[in-house]
Amino acid sequence: MNIDQFKPDDTGKFSPLLYRYLKRNEKFGQFQVWQRPINEAKDEFSEYWAPNHLIVGHGSDSCAIGRSLGSIIRGERGVNGQSFAYAIGMFGLRNITKEFWEKYASIGRCAWDAQHRMGMVGDGERFTFTDNGLTMTCNWCGKIYCGTKRVRVERHRFIEWKEVA
Ligand SMILES: [Zn+2]
């Protein structure tokens with residue numbers, strides 16, 4: 001994996017903070033990515049790559065040493081910004097190194113925000129709006145969303161009193 005292919009540019013497709021983490025730690029060798037399971041049974045994985053459930057770092061077949069992607073892209077410091085060692089068997093980690101870097105190279109940060117709901121550092125150029133603002137196209141992955149205009153009507157119930165006697 002060549003780190004420089006993930007160098008952030010004006011499109012915002014690649015994370016500046018992930019790039020910084022990769023650059024600072026490249027001396028440790030090839031980066032691997034593991035996904036944590038979403039349940040205690042340790043065999044169920046979310047179809048979405050939630051940043052807090054991904055670990056980016058280095059390791060062997062039995063041990064992963066790294067940080068959660070969530071902590072990396074939030075730029076956390078102190079204890080939360082440190083690398084930890086995870087026993088792969090104990091945490092039920094799944095190695096997704098190949099798929100992760102391929103997807104990240106192709107669609108950038110949409111790899112971990114397929115639903116397009118996260119606000120991210122430097123994402124101002126992520127979407128192009130057309131059709132009077134009702135069509136939203138993601139410039140990173142190409143996904144298109146159509147919007148529907150809705151009007152919210154506030155209804156008030158009240159009793160009108162009329163003097164009758
Ligand atoms: Zn996208």
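Reply: Let's start with a definition: a residue counts as buried if 20 or more other C-beta atoms lie within 10 Å of its own, exposed if 12 or fewer, and partly exposed in between, with C-beta atoms placed from the backbone. Keep in mind that this is a predicted model, where local features need pLDDT of at least 70, side-chain atom pairs count only at pLDDT 80 or more, and totals for chains, interfaces and linings use all residues. Residues are numbered from 1 along each chain as its sequence is written.

Now the glycine. Glycine 133 is exposed because it has 9 other C-beta atoms within 10 Å. You'll find glycine 133 in the loop between β6 (127–130) and β7 (135–138); strands here are DSSP runs of E with at least two residues, helices are runs of H or I with at least four, and both are numbered from the N terminus. Glycine 147 sits 14 residues away from glycine 133 in sequence, and their C-alpha atoms are 8.1 Å apart.

As for the rest, the protein has four helices and eight strands, in the order α-β-β-β-α-β-α-β-α-β-β-β from the N terminus. Buried residues come to 22% of the 165 in the protein. The C-alpha trace spans about 90 × 40 × 30 Å along its principal axes.

One more spot to look at is alanine 111: leaving out residues up to four places away in sequence, alanine 111 touches Trp49, Phe100, Lys103 and Tyr104, where contact means C-beta atoms, placed from the backbone, within 7 Å.

Methods:
Contact = placed C-beta atoms within 7 Å.
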